[in-house]
Amino acid sequence: MLPPEMIDPVGRGLREAFGTDAFEDLAVITGGQTSSLVFRIVVRGSPYLLKIITRTEDPTRHYSSMKAAADAGIAPHVWYTNAEHKISITDFVEAQPLSVSEALVRLPAVLRKLHALSAFGRAPFNTTCTFLLNQAPLSIGAPRDGYVQQFLTSNILSQVDADKFTARYAEIAALYPYDDGEMVSSHNDVYKPDNILFDGERVWLVDWEAAFLNDRYADLAVVANQVVTNVEEERSYLRAYFGGEPDAYQSARFHVMQQVAHLFYTMAFLSLGAKRRPVDWSLPIPTFEEFNRRVWAGELDLADKDVTVVHGRVHWARLLQNVGQARYREALSILADRA
C-alpha cells in the first residue's frame, strides 16, 4: 500500500515518533481534495494520520505552520515531520458532525487564535482570493494577470457578465488595502469543510499545505460565506472574532473581502468546471445558502465537476446580488475614506 520507496522513510519516522516501526493497520483515506497520499495508521493500538506529499514544493513552511497551530491547540498534535521525504505523522481525528449553528460559535474563536500566532512565512504562490488583490488590474478592462484575462476571454461568461466581473474586480482592487497591518498567520484553505474537523469536543483545522501570511479577512470571509446566513449571525460571528462589536471599518473590510471571495471562486470554479464541458447557464441552481448547507452536511462533493460548476455559479449569483445593494457601496466608501 505504501510506495516501495517510502517504506524505509516511513519506518524511520515511526521509530523516531513511537520507538517502533511496527503497525497494526494501514488504511488509505480517500476523502477530501488532495493529491497527497493519506493513511490512517494504527501504532500500539492508537490511530494516527500519515501523510506523504507528492507535489514538488518544499514542505518546510507547511510543517512549520502546522506545528505552530498544533502547539496552539487548533491543529492535531504533530508527532513527526521530514521535509526531505515529505512525510508527516499527526494525531488522527475521529470526526463527528459539526452543525452550522455550532460552527458559528466555535469557528470565530479558532480563527482568532490562529491569526494571533507568530507570523507564518510568506509563500511563493497564492491560491486564495487575495490573489486578485495582489494582481490588481491596471485599469478597467485590462487585468494585469494572465489567468484573469484568460477567464474573461474564455466565453464562460457572456460579454455583459464579463464586463460586470471586470468592473467589480477593478473597483475593489483599486480600494482594498493589500499587504498592510492586517497580514496574519492564515490557513487559506478553509473553503472546504473537510479541513475543519470536530471530534465532539473541539474543532481542529487540518491540511496546512496552503498556510502562509495573508490578510486576516480572507479566512474570516471564506468561513462566513459558508456558515453565516443573515445579518444577526454575521454580527455574532464578528463579535466573537474581534472580542467585541466590530467598528465600521472592520465591517466594511469584511464585507468587501466577501465579494473578493465571490469573484475569485466564480473564476476558479467555473474555469475548472468548463474544462469538462461548456457551462449550461439554463440549468437551475440552488440558493447560495442552500448550496452551502448541503456542502457542509456532506451531501455534495466539491471535487465533482458538475458540483464545481454550480459552486461557481452560486458565487456569481451572490456577488451580483450583493453589489446591487447599498451596503456594498457604503463599504467601498469607507475603504476609500480610510485610504
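Lys and Arg count as positive, Asp and Glu as negative, while His and the chain ends are not counted. Each charge is placed at NZ of Lys, CZ of Arg, CG of Asp or CD of Glu. This is a predicted model, in which local features need pLDDT of at least 70 and side-chain atom pairs count only at pLDDT 80 or more, while totals for chains, interfaces and linings use all residues. Residues are numbered from 1 along each chain as its sequence is written, and side-chain values use heavy atoms, with hydrogens and water left out.

**Figure 1. The charges of the protein chain.** The protein chain carries 33 positive and 42 negative side chains. The centres of these two sets lie 2 Å apart.

**Figure 2. The whole chain.** The protein chain holds twelve helices and nine strands. Both are DSSP runs numbered from the N terminus: helices are H or I with at least four residues, strands are E with at least two. The radius of gyration is 21 Å, close to the 20 Å that the globule rule gives for 339 residues, so the protein chain is as compact as a globular protein of that length. That radius is taken over C-alpha atoms, and the rule is 2.2 Å times the number of residues to the power 0.38. Along its principal axes, the C-alpha trace spans about 60 × 45 × 35 Å. Of the 339 residues, 53% count as buried. Buried means under 20% relative accessible area, exposed over 50%, and partly exposed in between (1.4 Å probe, protein chains only).

**Figure 3. Helix α2 and its neighbours.** Helix α2 covers residues 60–71, twelve in number. From first C-alpha to last it reaches 17 Å, close to the 16 Å expected at 1.5 Å a residue. The expected span is 1.5 Å times one less than the number of residues. Buried residues in α2 include Arg61, His62, Tyr63 and Met66. The buried residues of α2 pack against strands β4 (78–82), β5 (87–91) and β9 (212–215). Gly73 follows α2, and its phi is positive, near 80°.

**Figure 4. His262 in helix α9.** His262 sits in α9, residues 248–274. Is His262 buried or exposed? His262 is buried, with a relative accessible area of 1%. Contact means heavy atoms within 4.5 Å. Leaving aside neighbours within four places in sequence, His262 is in contact with Asn225, Phe288, His315, Arg318, Leu319 and Asn322.

**Figure 5. Glu290 in helix α10.** Glu290 belongs to α10, residues 288–296. At 32% relative accessibility, Glu290 counts as partly exposed. Glu290 and Val228 are 62 residues apart in sequence and 12 Å apart in space, C-alpha to C-alpha.
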